[in-house]
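Open the model in your viewer and keep the sequence panel beside it. The stops below are given in the order in which to select them.

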Amino acid sequence: MHAFTHPACLGHATGPGHPERPERLAAVLTALRTAFPDLIWKEAPRADRSKLQRVHAASLVDVVLAPIPEGLVGLDPDTVASPGSAEAALRAAGAGIAAVDAIVGGGALRAFCAVRPPGHHATADTAMGFCLFNNVAVAARHAIDVHGLKRVAIVDFDVHHGNGTQAIFEHDPQVLYASSHQAPLYPGTGDERETGCGNVFNVMLPPGADGTAFRSVWRSRLLPALDAFAPELLLISAGFDAHRNDPLAGLQLEAGDFGWLTRELAAIADRHAHGRIVSMLEGGYDLQALAECSVVHVDALLEPPRQPR
């Protein structure tokens with residue numbers, strides 16, 4: 001298994017008190033390196049403009065890459081850029097591209113991208129919700145356009161709905177998007193009636209929902225849809241802010257719930273996608289919970305593939 005990261009992802013400064021802070025990634029890296037000393041670490045390359053513009057408008061790329069000599073620039077009420085943000089965003093998106101290349105074209109089986117800023121709220125033309133580029137969307141489009149895959153699935157278990165990912169692909173039958181998320185909660189999208197062209201599957205969980213409810217909706221609704229789609233590659237927006245200790249939401253999941261779902265997703269990848277999974281870090285704002293969940297998630301990804309049915 002390959003893990004992708006880059007020191008530049010720590011250089012995206014967001015200002016005092018901002019929940020999406022460099023310490024998040026530092027906690028994940030420390031935890032993974034301690035738990036898995038044999039993990040193969042790879043340096044995330046920069047994504048070039050042509051790859052970004054497969055899913056993003058040139059105007060957004062210009063905004064994110066605009067030089068910032070000093071200080072912070074607000075892109076929306078929650079999203080800021082600083083002098084190191086452009087490089088971090090390029091490396092975060094580049095990690096997903098490199099991971100797809102390693103998995104689809106390079107013989108690796110699974111990859112985890114330990115990067116920031118996160119991505120799933122970024123739409124085709126707007127940076128929002130702490131996100132600059134939509135890293136998982138860039139990776140999915142790369143898999144289709146460069147590697148010729150016909151069915152790519154994106155699974156999102158972040159507590160916040162990935163409105164950007166859904167909007168980018170809701171009219172593209174080659175991409176399935178499946179999400180569980182708390183509602184009501186930012187960004188206010190992800191109603192179960194939002195079905196795209198039959199390729200979007202949303203399940204809303206009320207505040208206070210625990211692991212039993214989480215596992216139930218995945219087992220009864222989202223995993224069957226994913227299985228029926230039979231993806232050739234599975235991408236994961238791995239947000240861990242549904243953990244009970246997270247300060248930005250109100251679900252009551254434990255680390256073991258993320259491990260359970262990761263194993264279920266791996267079983268589907270084993271059946272349909274030769275086991276191929278690329279997972280990308282999204283949210284998670286309690287440092288201890290984030291570190292613990294990342295370890296449980298990667299541990300499940302490292303389990304030997306099951307024999308496909």
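Helices (H or I, at least four residues) and strands (E, at least two) are DSSP runs, numbered from the N terminus. Axes are lines fitted to C-alpha atoms, for helices over the stretch in contact, and angles run from 0 to 180 degrees between N-to-C directions. This is a predicted model, in which local features need pLDDT of at least 70 and side-chain atom pairs count only at pLDDT 80 or more, while totals for chains, interfaces and linings use all residues. Residues are numbered from 1 along each chain as its sequence is written, and side-chain values use heavy atoms, with hydrogens and water left out.

**Stop 1: a helix pair**

Select residues 211-229, which are helix 7, and residues 255-272, which are helix 8. Their axes come within 11 Å and cross at roughly 10 degrees. Helix 7 is therefore roughly parallel to helix 8 (angles under 35 degrees count as roughly parallel, over 145 as roughly antiparallel, 65 to 115 as roughly perpendicular and the rest as oblique). The crossing is right-handed, a term for a near helix turned clockwise from the far one by less than a right angle, with anticlockwise giving left-handed.

From helix 7 the contact includes Phe-214, Trp-218, Leu-223 and Leu-226, and from helix 8 it includes Trp-260, Leu-261, Leu-265 and Ile-268. By class, this contact has eight nonpolar, three polar and six charged residues. Here Ala, Val, Leu, Ile, Met, Phe, Trp, Tyr, Cys and Pro count as nonpolar, Asp, Glu, Lys and Arg as charged, and the others, Gly among them, as polar.

**Stop 2**

How far apart are the ring centres of Phe-240 and Phe-258? The centres are 5.2 Å apart and the planes are at 85 degrees, so the pair is edge-to-face. Rings of Phe, Tyr and Trp (its six-membered ring) pair if their centres lie within 6.5 Å; planes under 30 degrees apart count as stacked, over 60 as edge-to-face and the rest as tilted.

Phe-240 is buried at 1% relative accessibility, and Phe-258 is buried at 1% (buried means under 20% relative accessible area, exposed over 50%, partly exposed in between, with a 1.4 Å probe and protein chains only). The whole structure has six aromatic pairs.

**Stop 3: backbone exceptions**

Most residues other than glycine have a negative phi, and most peptide bonds are trans. Select Arg-116 and Pro-117, which are joined by a cis peptide bond with omega about 5 degrees. Pro-117 is in the loop between strand 5 (110-113) and helix 5 (135-145).

Phe-130 is in the loop between strand 5 and helix 5, and has a positive phi of about 75 degrees. Is Phe-130 buried or exposed? At 13% relative accessibility, Phe-130 counts as buried. Its contacts beyond four places in sequence include Pro-117, Pro-118, Leu-248 and Tyr-285.

Finish at His-274, in the loop between helix 8 and strand 10 (277-281). His-274 has a positive phi of about 55 degrees and is exposed, with a relative accessible area of 65%.

Notes: Contact = heavy atoms within 4.5 Å.
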